[in-house]
Amino acid sequence: MQKKLVKGLYLSIFGLLLGCSSSNKSTVHASTELGTTHQASPINAKHPIEYKPIQSVDMAARQSVIQAYQAMKNRQWDLLPNYAIAAQNDHELGAYPMYWYLRQQLSQTNIPVPLTLLQSFLKQYPNTYVSARLKADWVVAAAKQGDFRTAVQLGKPTINHASGICAYYQAKAALGQSVSISEALASAKNNDACGAMLNTLKSKGLVDLHKLREPLREAVEYDNKAMAQRYARVAFTTEGFQQFNAIINNPKQWLDAQFGPAKNIEHAELRTLAFSRLARQDRENGIHFLKTQGAALLSAKDQQWAYTQFALVSVLNLEDRADQWYRLGKDIQLSPYNAAWRVRAALRQPKIDWAWVEKAINLMDSTQQKETVWTYWKARALKERGHTAQANALFAQLEGQYDFYGLLGQEALHGHITFPTQAAPVSTAELNHIKQNTGLQKAVALFSLGWRNEAVAEWNYAIVGLGDRDLLAAAQWAENEHIYDRAINTSMLTKREVNFHQRFLAPFEGRVGQQARSVGIAPSWVYGLIRQESRFVSVARSTVGASGLMQLMPGTAKLVANKIGMSDFSPSRVNDFEVNTILGTNYLSMIQADLDGKEVLATAGYNAGPNRAKRWRSALTHPVEGAIFAETIPFTETRIYVKNVLANAVWYDALFNKGKVKSLKNRLGTIAP
């Protein structure tokens, strides 16, 4: 009876929708029909979880969902409402045709919001990912069309939807309601869709140069010109913004025209930012200009910050002199990115000043100091200076952390790494229970169709708020379905119980291990690399075109195939398991041989290219610990990659050797120029 009513509702609404879509009427405002204002909800808020036994699927309805998917891909939007009606009996995926249709409708700013359909959809599918996502999209659409009351009443998005969060804060500000400026600015960080929110905050007098100085400086420092201009447009006057653009294009020319004290706060900030830009464009002449003219043009604090800008560019080019320039910055507070590099510059020195390392870490904000990397290096600084008890207390804080620095911390404290106590295996009852999670049922169905984007979103939504045992059960279900990336990522969310057979899955173990040994490299290393590269998703493809388990670029695959005499190679076979692992392991072996057998260097070379790894090594003026080399890799992606791959390799090695854990410190070794 209920399905008949729903079908009738969709049929009646579809007629209304066709009339609305061709109407020239003004935008529908929903604020008076939504009821009381929703309270703002935290991101990824825990939501009610529905549990129902797995039921057989109406295959005719499922076929309609599949047809709707193709229509959506082909942008045949008008076909979707009819598919939505035909798909109603698919209890798992029947919502998707109308969901795709409504999302497309909301993206069109020149037509009214389909209010009745949206309200019906949200009512029919409460506490689901598709409703949460559609609601967030509606917040964006309402704000774009000036319907701020509706945007606020819909509430702050409960999923990770930065555009929706910015639109929500924009709407609150537009209505004169209280807004957390810190939260609003955090949502705008590196988000191109938040310009309207920033403009509204400015028009309401809620942000100014003082509040935007920190994010503006971070954007300029990171050379994110688009984000910097977005902040500058709001922070500066019209004249100031024109001056800012001149600085971005040619900071030295702009600075050459400066003399005497700054006229006002805006002028002082423009001068400071000009030195940051100069550091990137000409640090040799720029540092001389700062030393000779900086005191006349900048305040003492701004001059200190300017020195750290030259230091940052210098250390990213792996120059030892960067440490001297950071010291000229004295105790100036820095962005998390630059504060980290202040410590890394100190670690690269021929004779490490451990007191300065400790001080530089203490200058970080409290949140950054608690990261495992800085907990470890502060402990090392204390230990090197003879403060053993304090050092050991910090090393002890790394117990239970299984990442790169958790492992090094264990070695520093105990002299060895201990394999952690493993959680009890998932029981049949626990597995059967989690299979009744309807959100996970939808995700598994989507994975079976190969719709990974939708499947991952559904899975991630479905596991929010689950306890350890349910997470382990969900990971087990994913592993049983060969959804290896979800198995790993879900198991990693547990707080107290750990299952390394899930976190460090080793599918295809015999075949990968045999191939690794055939080219003379450690199977644990190969597994550590695959886990980081693709999470064992054989169809994985990166934004730059790398493919397969070992994420090979087309040109690299062809080159290696030619070198090893793979006569039947073709680019279309790069994703094949055998081809990908043969080429990937051979390539890794070649890089390792070319880099003196060092896994640290070869891992960096696999990610960033072997020539870069060689340049980073040649920039050394003295031998360094492998951990210091890894931590001071200038590419953020590669630095994280190397640390993760080598920590993975330690745990895979332990799993392959009955829990006996080998030294990460020994594996890292020493890197010499």
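A disulfide is a pair of cysteine sulfur atoms within 2.5 Å. By this rule the count here comes to 1 disulfide, in a predicted model where local features need pLDDT of at least 70, side-chain atom pairs count only at pLDDT 80 or more, and totals for chains, interfaces and linings use all residues. Residues are numbered from 1 along each chain as its sequence is written, and side-chain values use heavy atoms, with hydrogens and water left out. The structure also holds 36 salt bridges (a side-chain nitrogen of Lys or Arg within 4 Å of a carboxyl oxygen of Asp or Glu).

**Disulfide**

- C166 and C194 form the disulfide, with their sulfur atoms 1.9 Å apart.
- The pair links distant parts of the chain, 28 residues apart: C166 lies in helix α8 (residues 162–174) and C194 in the loop between α9 (181–188) and α10 (195–203). Helices (H or I, at least four residues) and strands (E, at least two) are DSSP runs, numbered from the N terminus.
- The disulfide is right-handed, because the torsion about the S-S bond of C166 and C194 is about 85°.
- C166 counts as buried at 2% relative accessibility, and C194 counts as buried at 1%. Buried means under 20% relative accessible area, exposed over 50%, and partly exposed in between (1.4 Å probe, protein chains only).

**Domains 2 and 3**

- The protein is divided into domain 1 (59–198), domain 2 (218–332), domain 3 (351–418), domain 4 (428–497) and domain 5 (511–671); the bounds come from an automatic or database domain assignment.
- The centres of domain 2 and domain 3, taken over C-alpha atoms, are separated by 33 Å.
- In domain 2, 5 residues are in contact (heavy atoms within 4.5 Å) with 4 residues of domain 3.
- About 390 Å² is buried between domain 2 and domain 3, and carbon and sulfur atoms give 50% of it. Buried area is the accessible area (1.4 Å probe) that two parts lose on being put together, summed over both.
- Between domain 2 and domain 3 the count is 2 salt bridges.
- D353 and R327 meet through their side chains in a salt bridge (3.2 Å, N to O).

**Other salt bridges**

- E269 and R213 form a salt bridge (3.0 Å, N to O).
- E269 is buried, with a relative accessible area of 2%, whereas R213 is partly exposed at 23%.
- A network of salt bridges links R213, R217, E269 and D302.
- The side chains of E358 and R385 meet in a salt bridge (2.2 Å, N to O). E358 is in helix α20 (residues 354–362) and R385 is in the loop between α22 (372–384) and α23 (388–397), 27 residues apart.
- R380 and E384 also pair in a salt bridge (3.4 Å, N to O); being 4 residues apart in helix α22, they are separated by about one helical turn.
- R380 is buried at 10% relative accessibility, while E384 is partly exposed at 43%.

- Helix α32 (residues 523–533) has 10 of its 11 residues buried, so it is largely enclosed by the rest of the structure.
- The buried residues of α32 include W525, V526, Y527 and R531.
- Just after α32, R535 takes a positive phi of about 55°.
- T585, in helix α34 (residues 577–594), is buried with a relative accessible area of 1%.
- Not counting residues up to four places away in sequence, T585 touches Q515, A516, V519, I521, V526 and M550.
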